[in-house]
Amino acid sequence: MLDEIRDGLGMGGGAAGALTGLPGLCFGIGGALAVRLGRRAGVAGGIALGLALAAAGLLLRPLVGDATAFLVLSAVALLGMAVGNVLVPAWVKAHGGHEVRLMTIYGTGLIVGGSLGSLLTAPVAAEAGWRWGVGFWGVGAVVAVPLWWWLSRHERRRTAVLDELDVPPDAHVMRSPTAIAMTVLFGLQSMHAYIQMGWLPQIYRDAGLSAASAGAMQAMLAAVTIVGGLTMPSVIARGRGLAPMIVGLGLLLVVGYGGLLVAPATVPWLWAVVLGISGFAFPLVIALITARTRSHHVTGRLSGFVQPVGYLLAALGPVVVGVLHAATGGWEVVLWVLMATSLPFVLAGLRAVRPSFVDDELGRRGSAA
């Protein structure tokens with residue numbers, strides 16, 4: 001809806017660029033602050049506050065008449081979403097009896113929610129105007145706030161129990177090799193997701209596909225990724241075949257981008273499917289956040305490190321692609337660079353899926369760090 005928003009608000013090119021760059025920036029900043037918020041308000045309370053911010057931003061921004069207010073309210077909504085991104089895995093870990101099931105629901109929900117946004121916003125806007133198209137998503141957040149507020153009240157009434165596997169309070173997650181590997185993997189996968197959302201349709205358009213066909217390829221890629229959200233938590237729980245799977249996902253990145261390089265319009269659906277399967281790495285990392293920690297305290301701290309840093313790294317990807325495309329006038333160099341990122345992707349992934357725990361790498365409470 002960017003063109004419609006620009007026309008409706010008189011938004012210039014600079015403001016439009018800022019709007020498209022806000023998600024990565026806000027997810028980084030908001031995610032970094034989420035752990036502190038969770039300590040003060042409780043995990044469920046922090047999620048409720050995040051949802052309230054998201055609802056307020058989403059519902060109010062269609063009502064404003066200038067670009068600056070729209071950007072500010074967009075940032076408010078995105079900061080609220082970032083809080084939920086970080087704190088939900090910690091909440092899941094604290095309810096570990098249903099960990100695999102809850103992470104399956106959460107990982108799938110992230111992907112389905114993102115896909116629905118792309119699928120439904122334009123049709124709603126076509127019928128009711130762009131303001132309704134970008135505003136009605138706030139209703140979902142509003143509906144969720146009372147549930148999480150009730151959970152937060154219940155959480156505060158529970159007796160707090162210190163986890164004997166908790167780490168010393170001064171231990172920093174950056175000291176964990178597993179946390180570093182997960183952050184690199186998350187950042188690279190999110191970078192590819194941002195690039196695919198922002199540039200893949202244009203690659204198809206430049207290869208001769210119509211706008212409708214290019215959009216269909218994008219939707220197909222997103223639909224395939226849903227399967228990963230449903231399966232990755234169970235795959236990680238079994239703990240078998242993770243290393244070969246990482247190598248396979250890296251190879252699929254090479255095949256998908258290589259196909260776009262040599263025959264983008266011949267079998268365009270094949271490259272969309274292949275890249276969609278490589279995107280299984282996203283729900284894989286989300287599931288690893290709980291699978292590679294023992295204590296929900298460490299889960300929250302790990303999530304508060306992996307996601308903000310990863311999103312900030314990922315936000316650079318679309319910018320670099322735009323610069324390379326403008327400098328070279330084509331997609332060849334861009335696609336070769338994207339294929340080359342499969343190497344650090346695989347190396348980070350192989351380290352991340354090792355059967356080790358961040359808690360142990362940081363040192364148990366009372367032991368030498």
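These notebook entries record what I looked up in a predicted model.

**Ground rules**

I number residues from 1 along each chain as its sequence is written, and I use heavy atoms for side-chain values, with hydrogens and water left out. Since the model is predicted, I take local features at pLDDT of at least 70 and side-chain atom pairs at pLDDT 80 or more, while totals for chains, interfaces and linings use all residues.

**Entry 1: salt bridges**

I began with charged side chains, taking a salt bridge to be a side-chain nitrogen of Lys or Arg within 4 Å of a carboxyl oxygen of Asp or Glu. How many salt bridges does the structure hold? I find two.

In one of them Asp360 is paired with Arg294, and the closest N and O atoms are 2.8 Å apart. This pair links distant parts of the chain, for Asp360 sits in helix H16 (residues 358-362) and Arg294 in the loop between helix H12 (281-291) and helix H13 (296-328), 66 residues apart. The helices I name are DSSP runs of H or I with at least four residues, numbered from the N terminus. For exposure I call a residue buried under 20% relative accessible area, exposed over 50%, and partly exposed in between, using a 1.4 Å probe and protein chains only. Asp360 is partly exposed at 33%, and Arg294 is partly exposed at 32%.

Arg351 and Glu361 form a salt bridge too, with 3.1 Å from N to O. Arg351 lies in helix H15 (residues 342-352) and Glu361 in helix H16, so this bridge ties together parts that are ten residues apart in sequence. Is Arg351 buried or exposed? At 19% relative accessibility I note Arg351 as buried, whereas Glu361, at 24%, is partly exposed.

**Entry 2: a charge over a ring**

I came back to Arg294 to look for a charge over a ring, which requires NZ of Lys or CZ of Arg within 6 Å of the ring centre and within 35 degrees of the ring normal. Arg294 lies over the face of Phe357, 4.0 Å from the ring centre, and Arg294 is also the residue that forms a salt bridge with Asp360.

**Entry 3: aromatic pairs**

Next I turned to the rings of Phe, Tyr and Trp (its six-membered ring), which pair if their centres lie within 6.5 Å; planes under 30 degrees apart count as stacked, over 60 as edge-to-face and the rest as tilted. I count eight aromatic pairs in the structure. Why is the pair of Phe136 and Trp137 tilted? Their ring centres are 4.4 Å apart and their planes stand at 35°, so the pair is tilted. Phe136 is partly exposed at 26% relative accessible area, and Trp137 is partly exposed at 28%.

I also noted a cluster, in which ring pairs link Phe27, Phe186, Tyr194, Phe282 and Tyr311.

**Entry 4: the second largest cavity**

For cavities I work on a 1 Å grid over the protein atoms alone, where a cavity is a set of points at which a 1.4 Å probe fits but cannot get out, and lining residues have an atom within 4 Å of a point.

Which residues line the second largest cavity? I list Ile195, Gln196, Trp199, Leu200, Ile203, Tyr257, Leu260 and Leu338. Helix H8 (177-206) and helix H10 (242-262) each supply at least two residues of this lining, and H8 gives the most, with five. By class I find seven nonpolar residues, one polar and no charged ones, where Ala, Val, Leu, Ile, Met, Phe, Trp, Tyr, Cys and Pro count as nonpolar, Asp, Glu, Lys and Arg as charged, and the others, Gly among them, as polar.

**Entry 5: single residues and their distances**

Met197 has its place in helix H8 and is exposed at 51% relative accessibility.

Val334, in helix H14 (residues 332-340), is buried at 2% relative accessible area. Val334 and Glu4 are 330 residues apart in sequence and 29 Å apart in space, C-alpha to C-alpha.

Key
1 Å grid on protein atoms, 1.4 Å probe; cavity = no way out; pocket = protein on both sides within 12 Å on 5 of 7 lines; lining within 4 Å.
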